[in-house]
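Open the model in a viewer and keep the selection tool at hand. The tour below goes from one stop to the next and says what to select at each.

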Amino acid sequence: MRKAKPRKHVILPDPVFNDQMVSKFVNHLMYDGKKNTSYTIFYKALDIVKEKASKEEKSPLEIWKQALDNITPQVEVKSRRIGGATFQVPTEIRPERKMSVAMKNMIAFARKRGGHTMADKLAAEIMDAFNNQGGAFKRKEDMHRMAEANRAFAHFRF
């Protein structure tokens with residue numbers, strides 16, 4: 001390779017839980033550079049999750065992490081043009097991209113939800129993902145189904 005690899009940007013852990021994953025999630029949630037607002041939304045959502053899941057023995061942060069694991073896709077399909085035909089080729093996803101896709105899906109489906117505040121919508125999406133349901137979980141299932149259906153083209157992997 002001619003060029004040097006670009007350095008990974010170091011993301012500082014969040015102030016409350018001291019966790020880098022929370023910071024990444026908040027960065028995805030953020031609009032117009034308003035990080036404080038995003039942190040407020042996220043922490044309120046976790047408070048709502050705490051109220052909803054009072055019978056669970058897990059902490060709200062553990063519930064959120066489990067919900068993210070439940071909606072994390074393992075494979076995706078990429079379009080690949082071979083001899084005039086376009087094939088949907090199933091490929092494994094890098095670990096960083098897995099988390100990124102899961103976070104983006106959770107936030108996107110939370111935004112689409114009906115509800116009063118973003119914190120309410122996000123809390124509802126977290127609880128649904130924790131219980132293996134909801135839009136983000138359905139999206140993961142669809143991605144896996146597409147990859148399974150196109151498994152015959154796996155030899156076109158690049």
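In which sense do strand E1 and strand E2 pair, and over how many bridges? Select residues 75–82 for E1 and residues 85–92 for E2: the two strands pair in the antiparallel sense, over eight bridges. Strands (E, at least two residues) and helices (H or I, at least four) are DSSP runs, numbered from the N terminus. Two strands pair if DSSP finds at least two bridges between them.

Before going on, a note on what is on the screen. This is a predicted model, in which local features need pLDDT of at least 70 and side-chain atom pairs count only at pLDDT 80 or more, while totals for chains, interfaces and linings use all residues. Residues are numbered from 1 along each chain as its sequence is written, and side-chain values use heavy atoms, with hydrogens and water left out.

**The hairpin**

Stay with E1 and E2. Select Val77, then look across to E2, where its bridge partner is Pro90. Next select Arg80, which stands opposite Phe87 in E2. The hairpin has two residues between the strands, and Gly83 takes a positive phi near 55 degrees there.

Select Asn18 in the segment before helix H1 (20–29). Asn18 is not a glycine, yet its phi is positive, at about 55 degrees. Its relative accessible area is 58%, so Asn18 is exposed. The cut-offs are under 20% relative accessible area for buried, over 50% for exposed and in between for partly exposed, with a 1.4 Å probe and protein chains only.

Now go to Asn132, in the loop between H5 and helix H6 (135–149). Here too a residue other than glycine has a positive phi, near 55 degrees. Asn132 counts as partly exposed, at 41% relative accessibility.

**The aromatic rings**

The structure holds seven aromatic pairs. Rings of Phe, Tyr and Trp (its six-membered ring) pair if their centres lie within 6.5 Å; planes under 30 degrees apart count as stacked, over 60 as edge-to-face and the rest as tilted. For one of the pairs, select Phe25 and Phe42: they form a tilted pair, 5.4 Å centre to centre with 55 degrees between the planes. Phe25 lies in helix H1 and Phe42 in helix H2 (residues 35–52), so the pair ties together parts that are 17 residues apart in sequence. Both Phe25 and Phe42 are buried.

A ring of another kind of interest is that of Phe109. The charged end of Lys112 sits over this ring, 4.6 Å from its centre. A charge sits over a ring if NZ of Lys or CZ of Arg is within 6 Å of the ring centre and within 35 degrees of the ring normal.

**Salt bridges**

How many salt bridges are there? The count comes to eight, where a salt bridge is a side-chain nitrogen of Lys or Arg within 4 Å of a carboxyl oxygen of Asp or Glu.

Select Arg113 and Asp128, whose closest N and O atoms are 2.2 Å apart in a salt bridge. Arg113 lies in the loop between helix H4 (95–112) and H5, and Asp128 in helix H5, so this pair ties together parts that are 15 residues apart in sequence. Arg113 is partly exposed, with a relative accessible area of 24%.

In helix H6, select Lys138 and Asp142, which lie four residues apart, about one turn of the helix. Their side chains meet in a salt bridge (3.6 Å, N to O). Lys138 counts as exposed at 52% relative accessibility, and Asp142 as partly exposed at 29%.

Move on to Glu148 and Arg151, a salt bridge with the closest N and O atoms 2.9 Å apart. Glu148 is partly exposed, with a relative accessible area of 46%; Arg151 is exposed, at 55%.

**Last stop: Lys121**

Select Lys121 in helix H5 (residues 118–130). Lys121 is buried yet has no salt bridge, and the nearest side chain of opposite charge, Asp120, is 9.2 Å away. Lys and Arg count as positive and Asp and Glu as negative; His and the chain ends are not counted. Leaving aside neighbours within four places in sequence, Lys121 is in contact (heavy atoms within 4.5 Å) with Ala110, Arg111, Arg113, Gly114 and Gly115.
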